[in-house]
Every structure is written in structure tokens, then in C-alpha cells.
Amino acid sequence: MCYPTPRELGLAARALADEHPGEVRLRQAGTSRAGQPLWVLSIAAVGPVTRTRTPARNVLVVAGAHANEPVGGATALSLARRLLHEPAPRAGCGWHFLLCADPDGADLHRTPRPYSLLDYHRSFFRPPGPEQPEWAPSLLPPDRLPPETLALTALIDELRPVLQVSLHATDLGGSWVQLTRDIPGLAEPFAKSAAELRIPVENGASDAAGWPSPGPGIFVIPQPGSEAAGAFHPEDTRLSTWYHAHRYAGTTAIVEVPMWASDLVDDPAPHPDPRGALRMLAGRLTADAALVSGVRDLIRPGPPPYEDRATAPLLRAVDWTLALIPRIAVEWTGAGAPTEATAAYIASIDAFGRRLSLRAAAMLLRVLRAQGHPAAPGLDRLVTGWCEDFAARFRARWVPVATQVEHQSRTVLATYERLLAADRSP
């Protein structure tokens with residue numbers, strides 16, 4: 001099983017709709033900046049419907065919000081097929097799948113069958129925050145939002161989903177779930193699925209540092225005004241499209257699954273010296289970023305060469321990533337650094353720092369190669385070495401695509417089931 005491209009997703013969805021014309025509908029919800037269709041696959045509800053002939057509830061599943069996380073599209077198709085054979089979750093509920101929220105970005109990041117972290121980074125791309133459909137509202141004014149974001153928010157306004165699920169992935173680590181509201185009881189089926197599939201639970205995820213955690217790997221995004229540490233990003237999570245469903249009393253779940261697993265992120269033992277470890281990691285991150293910045297300066301004779309359509313997205317992403325790093329290093333060594341932390345949390349921070357500089361270097365290498373730049377071989381050796389060190393440090397093991405898909409699918413269904421159970425309880 002491989003990761004499908006946006007075009008392959010559309011073709012497979014069309015075939016599914018043709019095979020089940022009474023239950024499945026494929027429609028275009030919008031158009032990307034480059035003119036690609038944004039496809040929505042809908043599975044009809046079964047059982048009672050309202051007088052307006054619309055289902056009493058809707059679930060919206062969003063795939064492909066991050067270009068470098070391709071598993072979501074495969075999960076969406078697999079889950080749609082499962083719902084056709086297991087209709088219980090469709091009782092009074094329509095299911096809708098945005099198959100790829102950023103097809104332009106997905107075309108720039110190609111991972112059809114990565115066998116190693118180096119393979120994964122050879123064609124790596126992740127756009128800067130303002131160009132990511134879910135994050136753009138937290139970084140841009142309303143009149144500058146990209147069409148992908150406008151299509152997504154319009155879809156939420158139309159469906160008013162009781163549950164929105166955003167399918168994400170991490171290159172190396174474990175699985176975890178972020179929630180905009182707590183869903184009681186989710187930790188149990190989530191942990192059961194992860195254990196059966198040999199996927200570690202990332203119980204100290206750096207993306208959710210300091211957030212309330214009702215169970216291992218389950219994190220609830222703090223309410224406004226809280227002092228939780230956050231995820232070392234400039235975006236305000238609560239301004240993202242994740243919270244757009246709250247206008248209609250909906251809840252959003254973000255389901256993360258790893259491409260390569262590491263048991264280090266599932267270690268609950270106390271770390272002997274968290275502050276010392278963070279100082280070391282901040283120093284390494286700063287030094288690594290300086291190496292990448294030095295190479296970036298070699299192709300900066302004047303204003304950034306963003307007019308080159310082939311390299312412009314890559315260079316914008318490189319500069320965005322490098323600009324994040326100084327503030328992250330300060331946060332790791334500042335007064336807010338924890339005096340107590342688990343080994344899993346420090347491992348998650350370690351992985352987070354490694355991937356930042358590695359991603360910037362990998363995208364910059366693509367530019368250098370396209371330009372035939374003499375610095376390309378040296379940067380290639382750096383990227384290769386960092387990938388090898390990353391995999392060795394974390395004892396990375398590949399998680400088959402089918403396993404990634406199965407865990408995400410189980411988690412989506414469990415999230416919906418537990419949400420319904422909570423709504424029915426007194």
C-alpha cells in the first residue's frame with residue numbers, strides 16, 4: 001500500500017461514487033491556488049432524517065492539510081469504504097471527506113514509497129504557516145486567506161459538523177490526539193488500537209506541552225486565557241479552522257500517527273535533568289540552524305529569488321522555518337522550562353528540534369540541485385548525516401501505510417462513538 005497522490009485520490013473517489021450511486025457522492029468544494037479541484041466525498045446517512053432531508057448529524061474528515069503528511073488521504077478512502085460495509089456509524093449521520101485540503105502542496109512533497117527518513121526528505125515540502133489551509137486564519141487577515149481555507153470554512157458552515165476530524169502524521173515518533181473539547185472515554189480505545197498495532201503512544205508530545213491530558217496520548221487544547229506552554233509555534237490554535245466548528249457546537253479532533261515509530265516517546269519515566277537537556281537541545285538546534293542559514297545566504301545576492309516559480313515555495317518555506325528557530329531556542333532555555341518532565345517529553349522535544357533544521361536543509365537542497373549550485377554536495381552530506389543520526393538515535397522502525405491507516409480509522413470511529421455516548425449521558 002502506497003500514499004495516493006491528489007489525482008489518484010480523485011480517481012478512486014470517483015470510482016467509489018460510480019459503484020455506489022445511491023450512497024456515495026463526489027463533488028468539488030473549491031479550487032486550489034493552482035487551479036486543482038478540492039474534492040469532497042460524502043457517504044449518506046442511514047435511518048431517520050430531518051424534514052429537510054438532511055441528516056441529523058454530520059461528520060467532516062479533513063485529509064492532506066499538511067503537504068508532508070500524506071497518510072490522511074489513504075485513511076479517508078479506507079474509512080469511506082468501511083462505512084459502506086459497517087453502516088452503524090451512519091445511523092442518522094452523514095460522513096464527508098475532504099480528500100486533500102492542499103493538493104498544490106501535496107504535489108510538491110512526493111513520498112510514494114519512502115523506505116528511510118532520507119528517502120522521505122529527498123522530495124520534502126511543507127509550506128509556511130500562512131499557506132497552510134488550517135493555520136492561515138491564525139496568521140492572515142480575512143481578506144488574504146487562501147482559497148483552500150475559504151473552501152474548508154465554507155464546508156464547515158454548510159455541514160455544521162458535530163465532529164470534525166483532521167488527519168495528520170508525524171515523520172518519527174508516536175501517535176496522539178488533540179481535542180478542542182474533551183471527549184470522555186477516548187483514551188481507552190485509542191490506547192487499545194495503538195497497542196494492537198505496535199504503535200507507541202506519544203504521551204509527552206511537544207505539540208501539546210502543558211495541555212490537560214485525560215489519558216495517555218490524549219490532549220485537550222487549553223481554553224483562552226490559560227498559561228499552558230503550547231507548541232512553540234507563532235500560530236494561535238484557537239484561530240485555526242479547528243475551532244470553526246465550534247460556531248455550531250461541534251468538536252474537532254486532530255489524529256496524529258507516525259510514519260516511523262520510536263518507543264522513546266512512550267517512556268513515562270522522570271527525566272533526571274529536564275532543564276539541562278533542554279539547554280543542550282536548544283544549543284544544538286541553534287548550531288544546526290546556523291549551518292543551514294549559512295548555505296541559504298549563498299543564494300541571497302539581493303532580495304530573495306521568489307520570482308522563480310519552481311523554487312519560490314521551497315525558499316519561502318525554508319525562510320519561515322529558520323525564522324521560527326531563535327524563538328523556540330529561547331523558550332526551551334527560558335524561565336518556563338520545566339523542572340520536572342518525563343523522558344518521553346524530552347524525547348519529543350529532541351525529535352521536534354531535529355526535524356526543524358532537517359526540513360529546512362532538505363528543502364534548501366532541492367533548490368540548490370535545481371540551480372546546479374556548487375554547495376549542493378556539501379548540503380547533501382549534511383542532510384544524509386542528519387537523517388541517519390535521527391533514525392539511529394530514536395531506533396526508528398517503519399510503520400506500514402496500511403497500519404497507519406488502520407489506526408487512524410479506528411481512532412476516528414472511536415472518537416465519534418465516544419462523542420455520541422457523551423452527548424447521550426445525563
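Let's begin with a backbone detail: just after H6, Arg198 takes a positive phi of about 60 degrees. Before going on, note that this is a predicted model, where local features need pLDDT of at least 70, side-chain atom pairs count only at pLDDT 80 or more, and totals for chains, interfaces and linings use all residues. Residues are numbered from 1 along each chain as its sequence is written, and side-chain values use heavy atoms, with hydrogens and water left out.

**Exercise 1. Find the buried residues of helix H6 and say what they pack against.**

Step 1: Helices (H or I, at least four residues) and strands (E, at least two) are DSSP runs, numbered from the N terminus. Buried means under 20% relative accessible area, exposed over 50%, and partly exposed in between (1.4 Å probe, protein chains only).

Step 2: go along H6, residues 187–196; the buried ones are Ala187, Pro189, Phe190, Ser193 and Ala194.

Step 3: look at what they pack against, namely strand E6 (176–179), strand E7 (218–220) and H11. Contact here means heavy atoms within 4.5 Å.

**Exercise 2. Describe how H7 packs on H9.**

Step 1: read off the geometry. Helix H7 (residues 274–297) and H9 have axes 10 Å apart, at an angle of about 0 degrees. That makes the two helices roughly parallel. Axes are lines fitted to C-alpha atoms, for helices over the stretch in contact, and angles run from 0 to 180 degrees between N-to-C directions. Angles under 35 degrees count as roughly parallel, over 145 as roughly antiparallel, 65 to 115 as roughly perpendicular and the rest as oblique.

Step 2: sort the residues of this contact, and you get 15 nonpolar, two polar and five charged. Ala, Val, Leu, Ile, Met, Phe, Trp, Tyr, Cys and Pro count as nonpolar, Asp, Glu, Lys and Arg as charged, and the others, Gly among them, as polar.

Step 3: zoom in on Ser357, which is found in H9. Ser357 counts as buried because its relative accessible area is 1%. Beyond neighbours within four places in sequence, Ser357 is in contact with Leu285, Asp288, Ala289, Val292 and Trp386.

**Exercise 3. Is Pro212 buried or partly exposed, and what does Pro212 touch?**

Step 1: locate Pro212 in the loop between H6 and E7.

Step 2: check accessibility; at 44%, Pro212 is partly exposed.

Step 3: list its partners, not counting residues up to four places away in sequence: Ile218, Phe219, Val220 and Pro222. Pro212 and Pro222 are 10 residues apart in sequence and 7.0 Å apart in space, C-alpha to C-alpha.
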